[in-house]
Amino acid sequence: MKRVINFIKVRFFLITLSIVVIAAGFAAVFLTGGYTLGIDFQAGINMRVQVAPIAFSLQYSGGGTAAINVDKTGLNINITGTEEGDKKFAFLFDKYASLSSLNSELMTIPGITAALSAPDQLDTARLVGFNHPKNLGSDPLVINYALSKESEMNAPIAKLRESLSTLGIIQLQYVGNKANQEYMVRVQDSGVDKDFNVNMSRQVEELLKKSFGENNVIVKQTDYVGPRFSRNLTQETFYLTGFALLLILIYTWFRFKFAYALGAIVATLHDVCIMLVFIGIFKVEVSTATIAAVLTIVGYSINDTIVVFDRIRENTALLRDTQLETVINISITQSLSRTIITALTTLLAVLAIFIFGTGSIKDFALNLIVGIVVGTYSSIYIASPVMLGVTYLRERKRKMGDEQKPIKRAEIEENKSEPKVAAVTVNRNPEYTIIPFAERKLTGKRRKKRKK
Amino acid sequence: MSKRVRFLILIVVLVVSGSFLYPTFRWYFLIGRDDKELASGSKQQIRDYSQKKASEDLNILKGKVKSDPEALIPENMSFIVDTAKRNYKLAEKPFPVQWNIKSVLEGFRTEKEIFDVIESQYLQEILSLKEYHDNVLQLGLDLSGGMNVVLEADMKSLAQRLGHEPTEADKKSAMDRAMEILNNRIDKFGVTEPQIRRQGTEEITIEIPGAADPERVRSFLMGKGRLNFHIVNDEATTKLQEYMASNPSAAISSGDDLELPPGFLDAGLAVRGFYKKDKYGIDQRIRYLVITEEAGLDGNHIKDAQVGSDPITGQPVINFSLDREGGEIFFKLTSANVNKTLAIVLDDKIKAGARISEPIRDSVRMTGFDKKEAGDLAIVLRTAAMPVDLKVMSQQAIGATLGEDSIRIGLRAITLGFLLVIGFMLIYYLGAGINAVVAQILNLYLMIAVLSAFNLTLTLTSIAGFVLTIGMAVDANVIIFERIKEEYRLGKSIEASVKAGFRKAFWTIMDSNITTFIAAIFLSQLGTGPIQGFAYTLAVGIVTSMFTALFVSRLMFDFNIEVRKIKKLSISWRPR
């Protein structure tokens with residue numbers, strides 16, 4: 001036989017504490033500038049960049065201007081403004097398949113000097129050139145080529161992430177074939193800088209050039225894009241969670257009683273609020289993972305609370321002459337080992353994710369840890385006291401309704417939807433209550449069976 | 001239920017889930033990378049590939065029949081033996097003594113026949129791979145990337161539709177509308193968790209999880225989706241055909257803009273190609289028809305469109321109803337043109353023609369599309385036409401939005417977490433812990449199987465659903481074991497304790513799971529994107545975890561008690 005722990009005794013203190021924490025927490029969140037919305041919810045710039053080694057460089061020393069244009073099909077050079085008139089040279093990659101053949105042909109153009117830096121046999125289809133046409137001059141202009149083997153890569157995505165780490169939260173994805181080293185860089189626009197678009201793209205380009213070499217970074221495209229998920233998603237989550245809680249309220253009302261249902265919902269809301277306070281105060285980035293974490297905790301907290309309530313319901317039927325407070329204490333004590341073991345195992349899993357995970361997976365785990373701890377706490381110290389309070393309030397209201405009539409057991413029995421705790425056994429010292437054991441009374445068929 | 005029946009049920013469940021899981025397993029572990037790429041290639045690529053392979057194989061056969069006619073058909077081409085046998089039978093020729101290259105090839109009349117057989121075999125292989133791909137658990141954009149498509153709005157088409165140069169406000173509203181329609185369509189085509197956003201002012205970026213399959217993009221863009229009805233001018237068509245017969249060079253010039261001598265057609269008439277799909281689903285022009293240039297009826301008048309099938313031919317039929325105004329126009333049009341041909345024109349291609357036998361008012365049946373096309377078209381018709389033409393600017397594979405390292409590390413951490421839970425259960429509950437562990441592993445297996453069957457896209461939020469489910473599954477086991485322990489400590493027999501433990505835990509588990517299940521179902525129906533992914537995973541997980549905790553774990557206890565006849569209940573370090 002176990003000793004019953006008096007969980008209920010501290011209820012007023014803890015409920016007040018929770019209210020204060022939540023109220024002060026939200027105030028602090030909004031005073032410190034609200035939530036940090038993650039990159040998925042913000043507009044920003046999308047840059048397509050490629051890190052590509054140099055294939056060859058070109059110089060032009062003749063008269064007039066020489067413009068070069070490289071596209072997917074070939075390399076074109078137009079020389080204009082010379083005395084001999086305009087000249088056009090077109091080299092289709094189909095025809096000049098290897099770099100050396102292209103190079104030797106280029107050298108025949110008067111005034112052009114080409115210096116190879118890539119292997120002779122390089123497939124010219126791999127040449128990349130952007131923001132062309134460009135004018136050739138005495139300064140060498142480089143033409144790059146895309147890598148095609150993963151083993152040759154010199155700028156894997158992790159290296160890019162490292163070199164851009166000073167920019168704060170960015171998103172990096174490879175585009176197309178991994179080995180081409182073409183990436184999409186996404187930086188969120190916090191709305192402070194008016195010329196964000198221009199400044200940020202310059203900054204990204206400079207950082208990349210610093211890490212991978214002045215001539216090895218090609219910025220292919222820069223666009224201003226809207227957010228990946230609209231902010232409505234967060235609102236939608238709130239509304240849907242609210243409605244889901246309402247449905248849960250109805251189910252628990254139906255399966256238990258109104259007081260239980262309210263207790264469960266209040267406890268769940270409490271957990272969500274504390275999580276939101278935590279996320280706001282510690283400025284954890286709000287991403288889709290945060291939404292997932294909040295939803296997860298709603299599920300966890302409800303689950304946790306219902307298990308305790310189920311025990312209370314079972315015990316109220318068994319211990320009819322015991323005060324509700326005592327029944328609650330007994331029930332929480334009985335299910336305590338389960339509550340703790342479940343919380344521990346789940347925490348074990350989530351802690352592993354938190355300790356070893358990175359990025360948004362780590363944030364997700366952190367949110368869950370807070371949620372699980374709070375969820376476990378609330379199912380013990382918030383849900384049952386609220387349930388108790390609501391039961392007492394309804395009791396008092398009912399008593400006031402028919403003050404004259406003393407409550408009789410029989411009446412309560414008949415009217416099952418009413419609380420059964422009215423028969424009061426005075427138990428001044430609940431701390432030393434011993435859990436009474438009572439076998440559930442068999443009813444109906446099973447009783448008949450037993451008699452036989 | 002007897003143990004045997006329960007065991008049988010368990011086996012059935014395991015086998016069925018196995019069959020759900022098999023495509024996913026095969027796709028990720030058995031199918032080569034090249035094949036996967038091919039399966040997500042465009043129809044054109046598939047055709048080129050099949051034809052190239054078929055002609056290679058044919059050349060091998062032709063070479064062999066000269067050098068070594070007695071040799072057997074190579075293993076990978078054994079399927080042509082079956083066709084050869086059938087041909088022998090049809091021609092009532094006696095079967096040869098041996099099915100060697102020579103005798104097999106004699107089963108075909110022309111080289112083309114052999115080529116066709118081999119080509120269809122390759123095509124079938126790819127198509128079945130493609131089908132496979134639709135039954136596979138996909139990884140979302142955040143975990144494994146997908147395809148990035150940039151669409152550009154053609155503002156000229158907007159100007160044409162508006163009748164004046166579009167203002168900034170016009171452009172913006174057209175773009176907003178286009179985004180909305182795209183969202184709508186992609187949803188209806190069953191692409192899970194796509195992301196659509198504005199890029200610059202005149203571009204839209206779509207990101208779709210999974211392999212870069214251009215067909216999928218095409219399917220929801222569905223060209224411009226402009227459907228019109230025109231009357232075919234029979235006389236001019238005959239004249240055109242005569243002209244083409246005498247000028248074969250004109251027919252060869254490809255493209256829809258057939259070059260005709262000026263004044264050949266009367267004003268108000270236009271030439272359009274009539275297209276049928278070949279076996280790859282690529283439009284092939286069969287002939288040219290001359291139609292009235294002005295549409296007899298604009299597709300915008302279509303109110304609702306449903307796909308059915310013709311009761312006699314079994315061909316797909318699109319039934320649609322017109323709004324009142326459209327009905328009037330259509331009635332007038334068909335009354336005036338009885339016995340003429342009505343051409344159904346989709347994006348300037350004639351897709352079908354039908355003779356008008358009587359005036360029709362508002363309910364129309366349309367045939368001439370294959371099943372998929374009919375389905376896609378019905379969706380396009382229902383979701384309204386794009387306000388502005390969208391062009392595909394680029395289409396490229398992209399990596400995961402979460403860093404790859406972070407995913408790899410994250411997955412490792414999740415596995416570690418799972419192992420820790422298992423370890424804890426074994427240490428804390430000893431023998432009974434084994435039940436819990438088996439239940440957990442089965443739960444994961446069943447979950448992944450069911451989710452594969454739903455063709456769900458797994459994202460970080462779905463993984464959150466997994467984590468919660470694992471927590472709840474452990475919880476169910478803990479509730480049961482703690483109950484059994486309580487009963488056992490009261491001095492009951494093993495059998496009675498287990499029985500009472502399960503009985504008392506049953507409603508606790510049910511209640512707590514049903515409450516969460518209600519929320520999960522609700523969120524899965526109304527939520528979008530990540531919320532939905534989470535809710536689906538959770539809903540499935542709740543069902544499977546209840547099954548494993550209440551059914552499988554119970555079966556294991558009963559087996560231990562009744563068959564192994566254990567004397568001591570191994571559930572705690574201090575049993576009594």
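Let's start with Arg313 of chain A, which counts as partly exposed at 23% relative accessibility. Keep in mind as we go that this is a predicted model. Who does Arg313(A) meet in a salt bridge? The partner is Asp310(A), and the N to O distance between the two side chains is 2.7 Å. Both residues sit in helix α7 of chain A, three residues apart, which is about one turn of the helix. Is Asp310(A) buried or partly exposed? With a relative accessibility of 5%, Asp310(A) counts as buried, because buried means under 20%. Arg313(A), at 23%, counts as partly exposed.

Side chains of opposite charge can pair when their charged atoms come close.

While we are on helix α7, let's look at how it packs. Helix α7 of chain A covers residues 288-318, and its axis comes within 8 Å of the axis of helix α8, residues 324-356 of chain A. The two axes cross at roughly 145°, and the crossing of α7(A) and α8(A) is right-handed. Sorted by class, the residues in this contact are ten nonpolar, nine polar and three charged.

Now over to chain B for another pair. Lys62(B) and Glu111(B) form a salt bridge, with their closest N and O atoms 3.2 Å apart. This pair links distant parts of the chain: Lys62(B) belongs to helix α3 (residues 43-67) and Glu111(B) to helix α6 (residues 111-133), 49 residues apart.

One more pair in chain B. The side chains of Asp176(B) and Arg198(B) meet in a salt bridge of 2.4 Å, N to O. Asp176(B) lies in helix α9 (residues 168-188) and Arg198(B) in strand β3 (residues 195-199), so this pair ties together parts that are 22 residues apart in sequence. Asp176(B) counts as partly exposed, at 32% relative accessibility.

Salt bridges can also share partners. Arg255(A), Asp310(A), Arg313(A) and Asp511(B) are joined that way into one network, so our opening pair turns up again here. How many salt bridges are there over all chains? The count comes to 23.

Tyr22(B), Phe25(B), Tyr28(B), Phe29(B), Leu30(B) and Leu139(B) make a patch of about 620 Å². Which element gives the most to the patch? Helix α1 of chain B, residues 3-30, does, with five residues. Leu139(B) has its place in strand β1, residues 138-139 of chain B. With a relative accessible area of 31%, Leu139(B) is partly exposed, and it can take part because patch residues need over 30%.

In chain A, Val175(A) lies in the loop between β10 (170-174) and β11 (182-188). Val175(A) counts as buried, at 0% relative accessibility. From Val175(A) to Ile281(A) is 106 residues in sequence and 36 Å in space, C-alpha to C-alpha. In chain B, look for Asp298(B) in strand β8, residues 297-298. Asp298(B) is partly exposed, with 36% relative accessible area. The C-alpha atoms of Asp298(B) and Gln124(B) are separated by 38 Å, and the two residues are 174 apart along the chain.

Notes: Residues are numbered from 1 along each chain as its sequence is written. Chains are lettered from A and ligands numbered from 1 in the order in which they are written. This is a predicted model: local features need pLDDT of at least 70, side-chain atom pairs count only at pLDDT 80 or more; totals for chains, interfaces and linings use all residues. Side-chain values use heavy atoms; hydrogens and water are left out. Axes are lines fitted to C-alpha atoms, for helices over the stretch in contact, and angles run from 0 to 180 degrees between N-to-C directions. Helices (H or I, at least four residues) and strands (E, at least two) are DSSP runs, numbered from the N terminus. A crossing is left-handed if the near helix is turned anticlockwise from the far one by less than a right angle, and right-handed if clockwise. Ala, Val, Leu, Ile, Met, Phe, Trp, Tyr, Cys and Pro count as nonpolar, Asp, Glu, Lys and Arg as charged, and the others, Gly among them, as polar. Patches are made of residues with over 30% relative accessible area and no salt bridge: like charges are joined within 9 Å, nonpolar side chains (Val, Leu, Ile, Met, Phe, Trp, Tyr) within 5 Å. Accessible areas come from the Shrake-Rupley method with a 1.4 Å probe; for residues, only the protein chains shown count as cover. A salt bridge is a side-chain nitrogen of Lys or Arg within 4 Å of a carboxyl oxygen of Asp or Glu. Buried means under 20% relative accessible area, exposed over 50%, partly exposed in between (1.4 Å probe, protein chains only).
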